[in-house]
Amino acid sequence: ESLKSSKEKDPAAADKNETNEQGGEAKEAEIKYTLEKAWEDIQHFLSGEEGLEIPDIIDKYLDLVEHKVSRLEVPEKSKGCPVPDPEDDGWFHKVVEQMSKLHRHVSTVFKSDSSRGPLINRIGRIHQRVMSYLEDEFRVLLEESRTVEAAADQSPDAGQDQAKEEPNFPGYSKQVLATLNKISKLMISGGYEFECYEVYMVTRRNTIEETLNKLGFEKISLDDIQRMQWEAMEREIPPWVRAFKECANIYFSAEHKLAQTIFSDNPSVAKSLFANLIRVLFLQLLNFAEAIALSKRSTEKLFKFLDIYETLQDHSSAIDSLFPEECAKELKAELTATRSKIGETAICIFCDLENSIKSDTGRTPVPGGAVHPLTRYTMNYLKYACDEYKDTLEQVFKEHSKSKPRDYQGHSQSNNDENQSPFSRHLIKIMDLLDSILEAKSKLYKDVALSNIFMMNNGRYILQKIKGSPEIHQAMGDDRYKKRSYELRNYHQSYKRETWMKLLDCLNMEGLNVNGKVVKPALKERFKSFNAMFEEIHRTQSSWVVSDKQMQSELRVSIAGVIIPAYRSFLGRFSGYLTPGRQTEKYIKFQPEDIEAYIEGLFDGSTSSMPRRKT
């Protein structure tokens, strides 16, 4: 239509344009035909049929090649480097192959013939030019994976469709892979293997680094890591774990397959390129882990260290199956060394928990005998460590602990201890140390009864944590658990002796009956003593704390079970000897129901005055 329109406007100009277009097409056909025919004649020369004389057709052939190559398009994505149109009939790759053969032949046969120098130089220049274009094509095609990945990121459906059609990571189509394979063969056979390998290495390394960046992992120098605060360093560890897993599970094997596909005619080259490419990346990942291992130790870092250790441990098998033997041996040694450093540091961090316990030298008792913060921190730390990482910690202590089992802090080892794992022994050591520190802190209370409440609170908290963690329970064993339960009951009994048994002494009938008669002054004194002591107990122990609701209830029931029956019996037996009215009001301040209600108000941590008695 445009041609028709132009003819209507300017018939002469339109005829001229149409003639030019037809002439151009004819020229292209002539070039194609002449290139093919010229190469047939040159092949006779290469086979030795024409003797040592260089036929004139070579100059004509070179003219045609230069003309054809000069018209290559310069696509924007090639950054100014002309590459052939992928829609062509493959003429460029044929020309590259032909030029390589011609260049190799004349460079060998006429190496010492100076008269052939200009022609040999011309062949070399053209050969270099087409190889440069071929290198650019290789680079552009390799970089197409980024375009494919970006498209998949933008469209989930496109990504799914592509995954079905193009199973080859990282997104190359079969056609592109075939072209990359052909180009690698042409570049290697044409003497440009170095350029081929360099383009492949640089392009794939950049692509992999971009992929890792998308996972959140960026290359960080050792110095930068060493200068980081822990909060910043901690944020870098999950992306590292994710990147390492992705590399071991997906990227390494995919890169191995890619290299084998592109360099299928050169298996040793494929292995070497893959090994060199991934080796740098692998060591970069290990360097991050080593830098973390060299950072300043603190107890809160343990679990991130164990995450790193597990990652290194679980994915080491990827090395054996993919890398050449020598390279695999080197990388396995590097990984083992890094894992050992992480493991040894993790042990040191766990052992530093002992120092944290020992360093708690505060002389101020916890108000109300409540659970000590040190107990909460230590037991929550141990519970999380055992619930989430017990198997890993068992392995770490077994493989990387440098100390041998020995007696510690005066605790002799039983036969059961000798059969326990290194981690279990150390866990028990920490808990025994916590017990000794708590025992010392209980002595800070002037009131022995409150000291017992303190030990009950902490002992109960520890038992509940052990009960809630099968891993800690298993590490400790039933005997130690039962021993702790027995000690808790002893503190309970000691508390009752210090407080309520003394109150019961006020209800002792000894000395109240002389010659069959009740001694009223003595009776009045008993009631006065009971009232005063009970009021003091209530005033004092209402502010004490029993955090565990079940133990609080058990304690109240136990106290009531001792006091209420004894008081009810005493009251029923002797209240009638007091004069009703003012005397009864003065000496009988509490009914059994009052006592029971007041006991229910104990151990809730609130300072309360005693309410008026029931009348």
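A crossing of two helices is called left-handed when the near helix is turned anticlockwise from the far one by less than a right angle, and right-handed when it is turned clockwise. Keep that in mind for the close-ups here, which come from a predicted model.

**View A. Helix α11 meets helix α12.**
Here α11 passes α12 in a left-handed crossing. Helix α12 covers residues 302-314, and its axis comes within 11 Å of the axis of α11, with the two crossing at roughly 145 degrees. Look for L286, A289, I292 and A293 on the α11 side; they meet F305, I308 and L312 of α12. Sort this contact by class and you get seven nonpolar residues, with no polar and no charged ones.

**View B. Helix α11 again, this time with helix α8.**
Which hand does the crossing of α8 and α11 have, left or right? It's right-handed. Helix α8 runs over residues 193-214 and α11 over residues 267-293; their axes come within 11 Å and cross at roughly 35 degrees. From α8, the contact takes in Y197, Y200, M201, R204, R205, I208, E209 and L212. From α11, it takes in V269, L273, N276, L277, I278, L281 and Q284.

**View C. Helices α21 and α22 pack together.**
Find residues 520-541 for α21 and residues 549-574 for α22: they pack at an angle of about 150 degrees, with axes 12 Å apart. Angles over 145 degrees count as roughly antiparallel, so that's how these two helices lie relative to each other. As for the hand, α21 passes α22 in a left-handed crossing. On α21 the contact uses L523, R526, F527 and F530, while α22 brings Y567, F570, L571 and F574. Count up the classes here and you find seven nonpolar residues, no polar ones and one charged.

**View D. A look inside the second largest cavity.**
How many cavities of 30 Å³ or more turn up in a search of the whole structure? There are two. Around it you'll see T364, P365, V366 and H372, along with K441, L444, Y445 and F454. Its lining divides into five nonpolar residues, two polar ones and one charged.

Methods
Residues are numbered from 1 along each chain as its sequence is written. This is a predicted model: local features need pLDDT of at least 70, side-chain atom pairs count only at pLDDT 80 or more; totals for chains, interfaces and linings use all residues. Side-chain values use heavy atoms; hydrogens and water are left out. On a 1 Å grid over the protein atoms alone, a cavity is a set of points where a 1.4 Å probe fits but cannot get out, and a pocket is an open set with protein on both sides within 12 Å along at least five of seven lines; lining residues have an atom within 4 Å of a point. Grid points are joined across faces, edges and corners, and a volume is the space filled by probe spheres set on the points. Ala, Val, Leu, Ile, Met, Phe, Trp, Tyr, Cys and Pro count as nonpolar, Asp, Glu, Lys and Arg as charged, and the others, Gly among them, as polar. Axes are lines fitted to C-alpha atoms, for helices over the stretch in contact, and angles run from 0 to 180 degrees between N-to-C directions. Helices (H or I, at least four residues) and strands (E, at least two) are DSSP runs, numbered from the N terminus. Angles under 35 degrees count as roughly parallel, over 145 as roughly antiparallel, 65 to 115 as roughly perpendicular and the rest as oblique. Contact means heavy atoms within 4.5 Å.
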